Amino acid sequence: MLDTPLQLPCGAVLPNRIAKAPMSDGLGDDAFNPTVEQERLYRAWSAGGSGLVMIGEVQIDRHHAERHGNLTVDGRDPGDASGLARLAAAATRYGNHFWAQLGHAGALTWPALNDAPFAPSATRIGEITTRAMTAADIERTIERFASGAARARDAGFTGVEIHAAHGFLLSEFLSPRFNQRTDAWGGSLENRARMLLEVVRAVRTTVGADYPVGVKLNSSDFQKGGFTTEESRKVAAWLDAESIDLLEISGGSYSPDGSGASERPVSARAQAREAWFQEYAEAVRSVFTRPIMLTGGLRSRTGMESALDSGAADVVGLARPLAFEPDLPRRLLEGASDRADPLDDVFRQELPRGAETAWYAAQLLRLAHGSAPERSIDPVAALHYYDATGAEKTRAGAGLLAG
């Protein structure tokens with residue numbers, strides 16, 4: 001089942017049902033262009049066996065990036081096209097698809113870039129003050145999603161995913177917590193979903209009928225006053241009427257004041273089953289007939305095949321496991337492995353917030369520099385690297401690479 005090809009509605013074919021889900025790798029240069037290190041990392045994932053490899057947080061506007069090291073497809077740097085082409089060539093070397101996850105950080109824009117970022121409405125959350133987008137701002141942003149998708153296509157990316165989850169701009173439009181507009185872009189769910197649907201339509205018109213276009217959608221924000229599961233199901237039904245090729249199900253939202261979470265609280269039942277969002281995917285099947293990608297919690301062949309066999313998903317997404325085991329998909333497909341390394345010895349102790357994520361990010365750093373992942377890296381040392389700046393960061397990074 002994992003090795004079964006999948007034909008998407010646009011006609012493109014994924015060679016198998018395993019996807020490397022999008023992550024923010026932070027390996028772009030200071031001009032938001034790809035680097036040699038990034039090429040090396042995505043070449044490793046191409047060789048790893050996933051039928052689809054996605055790169056996260058490719059921004060349609062460099063003034064609204066989520067962090068240092070994001071890539072952009074806004075066309076403002078003449079050198080970005082050649083760098084994107086080299087990255088796409090490296091990431092498709094072994095015959096897999098390679099999609100860019102197109103986004104706009106909105107209220108989550110990196111503060112060093114913009115101290116008053118765009119959002120659906122003017123709000124103050126923690127130390128962040130947002131500017132309400134004008135109707136003209138909204139129209140320009142829709143056009144930038146479309147032109148960014150065209151640049152990705154022209155550079156050799158084989159598809160795009162529109163990021164409408166985790167608290168970034170398009171999910172902010174969906175959320176009544178962020179979207180307090182009273183015009184055609186706010187209020188009712190239909191109006192709050194208008195931005196996402198218009199982006200989908202503009203991208204499809206620009207890239208053509210035979211180019212893969214996906215959407216990443218929260219099953220819920222899991223925040224008080226946010227986007228709910230029932231609202232998500234209605235938006236999924238509207239997306240089913242659009243010409244998208246893949247709906248990636250996720251959940252949870254970051255918040256500018258740090259109060260949010262990127263993942264839902266996971267029940268014991270979901271942990272045992274592994275697929276955290278399977279129940280939502282099963283519920284949405286009655287209104288969404290196109291392919292679904294299920295990401296979150298999957299670690300074993302049994303869990304992945306169960307999600308596919310249930311009909312809840314057509315593609316299974318793996319993210320963090322592939323930071324430590326980039327060749328896990330190939331081993332699963334060949335029958336050489338039954339599950340991802342559980343890493344219980346690394347994470348059994350109580351860790352500071354963010355240390356586990358930093359440990360996985362340190363593995364990406366090693367892969368990007370041509371080193372093998374290293375189990376013995378201390379998660380706290382990895383967190384120190386990602387919190388450090390200047391010379392201290394350089395010394396800490398050298399330690400992670402030498403570990």
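Is Ser-371 buried, partly exposed or exposed, and what is its relative accessible area? Ser-371 is partly exposed at 22% (buried is under 20% relative accessible area, exposed over 50%, partly exposed in between; 1.4 Å probe, protein chains only). This is a predicted model in which local features need pLDDT of at least 70 and side-chain atom pairs count only at pLDDT 80 or more, while totals for chains, interfaces and linings use all residues. Residues are numbered from 1 along each chain as its sequence is written, and side-chain values use heavy atoms, with hydrogens and water left out.

**View A. Surroundings of Ser-371.** Ser-371 lies in the loop between α14 (355-368) and α15 (379-387) (helices are DSSP runs of H or I, at least four residues, numbered from the N terminus). Leaving aside residues up to four places away in sequence, Ser-371 touches Arg-366 and Leu-401 (contact: heavy atoms within 4.5 Å).

**View B. Aromatic pair of Tyr-42 and Trp-45.** The ring centres are 5.0 Å apart with 75 degrees between the planes, an edge-to-face pair (Phe, Tyr and six-membered Trp rings pair with centres within 6.5 Å; planes under 30 degrees apart are stacked, over 60 edge-to-face, the rest tilted). Both residues lie in helix α1 (residues 36-47). Tyr-42 is buried at 0% relative accessibility, and Trp-45 is buried at 1%.

**View C. Aromatic pair of Phe-347 and Trp-359.** The ring centres are 5.2 Å apart and the planes stand at 85 degrees, so this pair is edge-to-face. Phe-347 belongs to helix α13 (residues 344-347) and Trp-359 to helix α14. Phe-347 and Trp-359 are both buried.

Key: Helix = DSSP H or I, 4+ residues; strand = E, 2+ residues; numbered from the N terminus.
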